[in-house]
Amino acid sequence: MMLALVGGTHRTVPLALRERLVFSADQAIDAMRRFRERFPGREVVLLSTCNRVELYSAGEQSAGPPPTDQMVSFLAECRGIEKSELAGVLDGQLDEGVVRHLFSVASGLDSMVLGEPQIIAQVKQAWAIARDSETAGPLTGEMFSAALRTAKRVTSETSIGRERLSIPSIAVADFASGVFERFDDKQVLLLGAGKMASETLRYLRTAGARDILILNRSRSRAIDLADRLGATSGAWEDLEQQLQSADLVVSTTGATKPIVSEAMFSRAFSRRCGRPLVVLDLAVPRDFDPSIGRRPGLWLYSIDDLGAACEANRKSRQRELPAAIAIVDEETRRFMGDLHHRSSGSVIERLRADWSETGDTELERLFHRLPKLDPAEKSEIRQAFERYANKLLHPPMESLRSASHAGPPHGLLDALKRLFDLKD
Amino acid sequence: MVTFVSGISIVCFAASYGVAFLFEISRLIFRSGLRGAAMVGFAAAGFMAHTLFLGWRAATEQAVPLSSAFDWYLLAAWSLAAGYLWLTLANPRTPVGLFMLPVVLGLICAAQWASREPFSQSPATQVWGAIHGIFNLLGSVAVAIGAVSALMWLIQADRLGKKEPPIRGFRMPSLEKLAQITSRTAIIAAWATGAGFASGLVLNAVNRQRGLLDTVPWTDPVVVRMGALVVWLVIVAIVARVMARSPHGSRRVAILSMISFGLLVMSIVWGLLGNTRHGMPPQQVFRVHSASRWVVHS
């Protein structure tokens with residue numbers, strides 16, 4: 001075993017539990033460092049988005065990744081959740097299962113919205129954080145870069161992401177458009193200034209929204225996004241006041257607790273004089289306190305409320321799914337072949353070193369017997385020896401490579417060790 | 001051409017609308033690229049036949065639209081069919097026909113039951129009669145359209161409340177649009193039906209004053225029902241106006257509009273089956289008058 005994965009997605013983990021399980025960027029860095037301390041020598045990458053929390057671990061043969069139940073315990077401990085709560089909802093994968101899963105995730109095949117492009121950036125970011133905090137290593141590095149390569153192939157070779165659908169686009173098209181006929185006369189309030197907010201803003205602009213106000217705790221990020229995409233920004237302190245005047249609120253912050261409490265919402269809502277309000281709370285954990293509940297004139301949707309709409313969207317794009325899965329399968333096989341072949345690397349290196357040493361000894365003896373050889377002739381002879389050794393090694397290397405596609409070539413490696421008396 | 005036009009019957013266009021309605025229902029079952037064209041084709045063929053039928057009656061039987069109960073119902077159905085065609089062409093993904101075509105077919109059925117005898121008319125009352133008929137027609141069409149949009153509002157609100165995705169090929173207009181239509185039609189229906197009722201009163205008063213045969217007693221069931229309907233529609237219009245900004249406003253107006261349509265249907269059924277002198281031709285009026293204790297002015 002070289003690779004292991006433990007995680008849960010929107011399909012398996014209820015929103016209330018996902019809210020407690022999700023990691024902010026700082027929390028993810030801290031968790032990965034703690035993982036390295038507890039399991040020395042193991043690589044780790046933590047992917048935490050609003051729809052999934054996944055812990056990837058890798059290790060070479062001598063120090064493979066920890067057992068999945070220990071990884072579940074670790075996640076539970078990090079988030080202060082009882083392990084029993086997670087045991088039933090988190091899935092574990094090993095080796096090829098891990099690779100296939102990550103490639104599917106990066107390609108958007110495991111997303112709420114099939115083929116959505118946002119996940120590629122999230123996978124890239126998770127890997128970058130792990131690399132910067134020195135918790136990733138060569139194995140996870142190769143796996144994540146292969147995952148991004150696979151995602152690019154799926155995007156370019158299939159039309160699964162042609163419409164560039166995303167959760168914000170479904171939220172606006174299927175729900176906000178069900179309430180409002182047009183957006184050019186509506187006041188839109190966008191909370192947050194991250195990638196989801198940016199995606200939402202672009203879609204709202206396409207849908208015709210003109211009057212868009214961005215509020216973010218960090219005012220500079222709100223100003224930056226507003227400047228880039230032609231919106232306006234406001235002060236975070238005006239949130240309650242803006243809730244009174246907005247027609248559509250899209251909330252995408254990374255806050256770990258609700259930013260709109262029941263009391264604040266009630267005060268703002270009571271001053272709206274009955275005007276309908278659509279709230280698309282796309283954040284995990286939710287930005288709007290779940291106790292706000294149903295009220296006449298309020299259409300409040302959390303990310304899990306979009307599940308059925310996303311599933312309908314997924315079904316409508318299923319036609320492209322087999323081609324995308326075929327690419328994921330092909331890339332998985334290629335990666336696993338390379339990974340298995342990599343396990344035979346030490347044996348090949350030793351074999352090469354032995355042969356090289358023998359060759360050098362023989363060459364020294366030959367040059368000693370033929371003292372009149374000039375340096376050019378010696379070099380020619382040395383190169384001929386090397387070519388000869390390489391040609392002899394080529395067939396066994398190819399046999400090892402092709403055997404690696406079906407799994408680790410333990411039999412051939414044992415045979416090589418015994419035939420050439422290679423010591424560990 | 002004349003033979004072709006004279007051969008058009010109610011069955012021709014009713015069947016075309018019926019087939020278009022079946023195509024509308026099939027939206028809920030399967031997807032097809034050809035269905036839209038076939039659906040509009042049948043509806044347009046029906047509408048064309050419907051138009052030619054009314055035109056032929058006007059040309060050959062001096063049955064100008066609105067000159068008999070039969071023609072009145074067919075003209076109401078024709079107005080709604082025109083609205084259906086226009087809305088379907090403008091919004092192909094919206095299943096307007098599922099809601100409007102049953103009303104069209106219902107009005108055609110009502111025409112089959114209604115009297116084909118022309119309303120009595122004299123030069124003195126012709127103008128008031130036309131005004132009475134046109135406003136009543138406008139009011140009834142507004143009530144029907146209001147009920148259709150109200151029903152769509154309730155379905156859309158139910159879907160959004162349950163947080164369900166839209167059914168593919170069955171995309172409803174927004175609540176905002178539907179509420180606007182429902183509210184506007186409620187106001188138009190109140191004005192038009194009120195004007196129709198008032199012009200009917202004037203028409204009857206003129207007939208009485210001139211001592212004509214076809215006066216309708218003020219206590220006639222149709223007069224009482226229409227009076228009550230006008231009062232109801234005015235209340236609905238006031239509610240629509242006053243509650244436009246209330247959180248519950250749109251839902252209440254939608255429910256009231258549905259009730260208005262129910263009352264209109266009851267009124268039509270009662271008019272078809274009940275005993276009334278409203279709209280009776282002179283001969284029938286005479287028979288009814290003779291059978292009762294009604295005083296006939298000669």
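## Cavities

The structure, a predicted model, holds 3 cavities of 30 Å³ or more, a cavity being a set of points, on a 1 Å grid over the protein atoms alone, where a 1.4 Å probe fits but cannot get out. The largest cavity has a volume of about 80 Å³, where volume is the space filled by probe spheres set on the points, and grid points are joined across faces, edges and corners. Its lining, meaning residues with an atom within 4 Å of a point, consists of Thr49(A), Cys50(A), Asn51(A), Arg52(A), Ser111(A), Met112(A), Glu116(A), Gln118(A), Ile119(A), Gln122(A), Ile167(A) and Met196(A).

By class, this lining has 5 nonpolar, 5 polar and 2 charged residues; Ala, Val, Leu, Ile, Met, Phe, Trp, Tyr, Cys and Pro count as nonpolar, Asp, Glu, Lys and Arg as charged, and the others, Gly among them, as polar. Helix H6 (residues 118-132) of chain A gives the most to the lining of the largest cavity, with 3 residues, where helices (H or I, at least four residues) and strands (E, at least two) are DSSP runs numbered from the N terminus.

## Basis of the model

Residues are numbered from 1 along each chain as its sequence is written, while chains are lettered from A and ligands numbered from 1 in the order in which they are written. Because this is a predicted model, local features need pLDDT of at least 70 and side-chain atom pairs count only at pLDDT 80 or more, whereas totals for chains, interfaces and linings use all residues, and side-chain values use heavy atoms, with hydrogens and water left out.

## The two chains

Chain A has 17 helices and 10 strands, and buried residues (under 20% relative accessible area; exposed is over 50% and partly exposed in between, with a 1.4 Å probe and protein chains only) make up 52% of its 424 residues. Among contacts (heavy atoms within 4.5 Å) in chain A between residues at least 6 apart in sequence, 74% join residues at least 24 apart.

Chain B, in turn, comes to 10 helices and 0 strands, and 45% of its 298 residues are buried. Of the contacts in chain B with a separation of 6 or more, 78% are accounted for by residues 24 or more positions apart.

## The interface

Between the chains, 24 residues of chain A are in contact with 20 residues of chain B. The area buried between chain A and chain B, that is, the accessible area (1.4 Å probe) that two parts lose on being put together, summed over both, is about 1,700 Å², of which carbon and sulfur atoms give 56%.

Across this interface the rule finds 3 salt bridges, a salt bridge being a side-chain nitrogen of Lys or Arg within 4 Å of a carboxyl oxygen of Asp or Glu. Asp174(A) forms a salt bridge with Arg171(B), and the closest N and O atoms are 3.4 Å apart.

## Salt bridges in chain A

Over all chains, a search of the whole structure finds 30 salt bridges. Asp110(A) forms a salt bridge with Arg11(A), with the closest N and O atoms 2.9 Å apart; Asp110(A) lies in the loop between helix H5 (96-106) and H6 of chain A and Arg11(A) in the loop between strand E1 (3-9) and helix H1 (15-21), so the pair ties together parts that are 99 residues apart in sequence. Asp110(A) counts as buried at 15% relative accessibility, whereas Arg11(A) is partly exposed, with a relative accessible area of 44%.

Asp110(A) also forms a salt bridge with Arg52(A), the closest N and O atoms being 2.9 Å apart. Arg52(A) lies in strand E3 (residues 52-58) of chain A, so this pair ties together parts that are 58 residues apart in sequence. Arg52(A), which also belongs to the lining of the largest cavity, counts as buried at 2% relative accessibility. Elsewhere, Arg153(A), Glu157(A), Glu330(A), Glu331(A) and Arg334(A) are linked in a network of salt bridges.

Ala189(B) is found in helix H7 (residues 175-209) of chain B and, at 2% relative accessibility, counts as buried. Not counting residues up to four places away in sequence, Ala189(B) touches Gly139(B), Ala142(B), Val143(B), Gly194(B) and Leu233(B).

Ile155(B), in helix H6 (residues 123-161) of chain B, is partly exposed, with a relative accessible area of 34%. Leaving aside neighbours within four places in sequence, Ile155(B) is in contact with Phe99(B) and Met172(B), and the C-alpha atoms of Ile155(B) and Met172(B), 17 residues apart along the chain, are separated by 8.6 Å.

Key. On a 1 Å grid over the protein atoms alone, a cavity is a set of points where a 1.4 Å probe fits but cannot get out, and a pocket is an open set with protein on both sides within 12 Å along at least five of seven lines; lining residues have an atom within 4 Å of a point.
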